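Visitor: I'd like to learn how to read a fold from its coordinates. Could you walk me through one?

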Amino acid sequence: MAKVEELPVVEGYEAEKKTISIMKANVLSIVLFLVFGALCGLVYYAIWGRVELNISSEEIIRNNILLLVGLVAGIVVHELVHGLTWILLSHNGFRHLSFGVMKGCPYCHIDMPMVKRHYVIGALMPLYLVGIVPLMVAFFLGSLLWLLLGVIFVVSAIGDIMMVWAIRKEPADALIYDHPSEIGCYVYHKTIQQ
């Protein structure tokens with residue numbers, strides 16, 4: 001469980017809570033996995049043609065072990081990429097980061113508000129590095145293992161995508177504070193100065 005913390009007070013700003021349902025994210029991820037997976041499979045097939053499924057039991061075992069290692073490594077790297085990107089963009093130390101598992105989902109939390117652009121970049125960076133890059137490798141090398149990992153990690157970024165979509169209309173000068181115990185954030189709007 002994520003630690004409970006006080007919502008930071010930012011002078012001249014008022015906070016608005018924006019969260020998404022984990023159930024909605026999970027349902028959407030299943031749909032996305034089926035649709036996006038099929039689309040990527042078609043692209044792969046268009047590039048590489050027929051897929052050879054006549055492989056030995058040793059290759060099946062090896063591929064399953066590689067898949068398991070890739071999944072575990074990808075989960076860890078996904079959360080590290082969030083944290084490292086936010087730290088690099090906000091120029092703050094690692095003491096502002098926390099990692100854990102919330103409602104069965106791994107998470108990275110940064111305990112300070114940041115400008116919207118930095119929050120969005122940090123939220124979407126794992127989608128690119130852990131999802132899109134493996135897909136490009138799969139299409140380039142003709143690797144079904146990389147294809148599967150790429151699809152899984154694009155789909156695993158659905159919560160991040162939904163959160164960025166939820167704040168897409170927020171003004172550029174809004175500050176974003178990552179929610180410490182739910183999938184979402186607080187948006188800090190500038191208050192009108194009298």
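Visitor: How many bridges join strand 5 to strand 6?

Guide: Before the count, some ground rules. This is a predicted model, in which local features need pLDDT of at least 70 and side-chain atom pairs count only at pLDDT 80 or more, while totals for chains, interfaces and linings use all residues. Residues are numbered from 1 along each chain as its sequence is written, and side-chain values use heavy atoms, with hydrogens and water left out. Two strands pair if DSSP finds at least two bridges between them; strands are DSSP runs of E with at least two residues, helices are runs of H or I with at least four, and both are numbered from the N terminus. Here, 4 bridges join strand 5 (residues 175-178) to strand 6, and the two run antiparallel. They form a hairpin with 5 residues between them, and Asp178 stands opposite Cys185 in strand 6.

Visitor: And what is the strand order of the open sheet?

Guide: The sheet has 4 strands in the order 1-6-5-4, with antiparallel pairing. Strand 1 (13-19) and strand 4 (114-115) stand at the edges with a single partner strand each, so one side of each has no neighbour in the sheet. Strand 1 pairs with strand 6 over 7 bridges, in the antiparallel sense.

Visitor: Which residues touch the most other members of the largest nonpolar core?

Guide: In soluble globular proteins, nonpolar side chains tend to be buried together. A nonpolar core here is a set of buried Ala, Val, Leu, Ile, Met, Phe, Trp, Tyr and Cys residues joined through side-chain atoms within 4.5 Å. The largest one has 30 residues, and Tyr119, Leu135 and Ile167 touch the most other members. Elements that each supply at least two residues include helix 1 (22-48), helix 2 (57-90), helix 3 (116-141) and strand 6 (184-190). Helix 3 gives the most, with 8 residues.

Visitor: What does Tyr119 touch?

Guide: Contact means heavy atoms within 4.5 Å. Not counting residues up to four places away in sequence, Tyr119 touches Trp86, Met114, Met163, Ile167, Ile176, Asp178, Gly184 and Cys185.

Visitor: What percentage of contacts join residues at least 24 apart?

Guide: Among contacts between residues at least 6 apart in sequence, 73% do.

Visitor: Zooming out, how many helices and strands are there?

Guide: The protein has 5 helices and 6 strands, running β-α-α-β-β-β-α-α-α-β-β from the N terminus on. Along its principal axes, the C-alpha trace spans about 70 × 30 × 30 Å.

Key: Buried means under 20% relative accessible area, exposed over 50%, partly exposed in between (1.4 Å probe, protein chains only).
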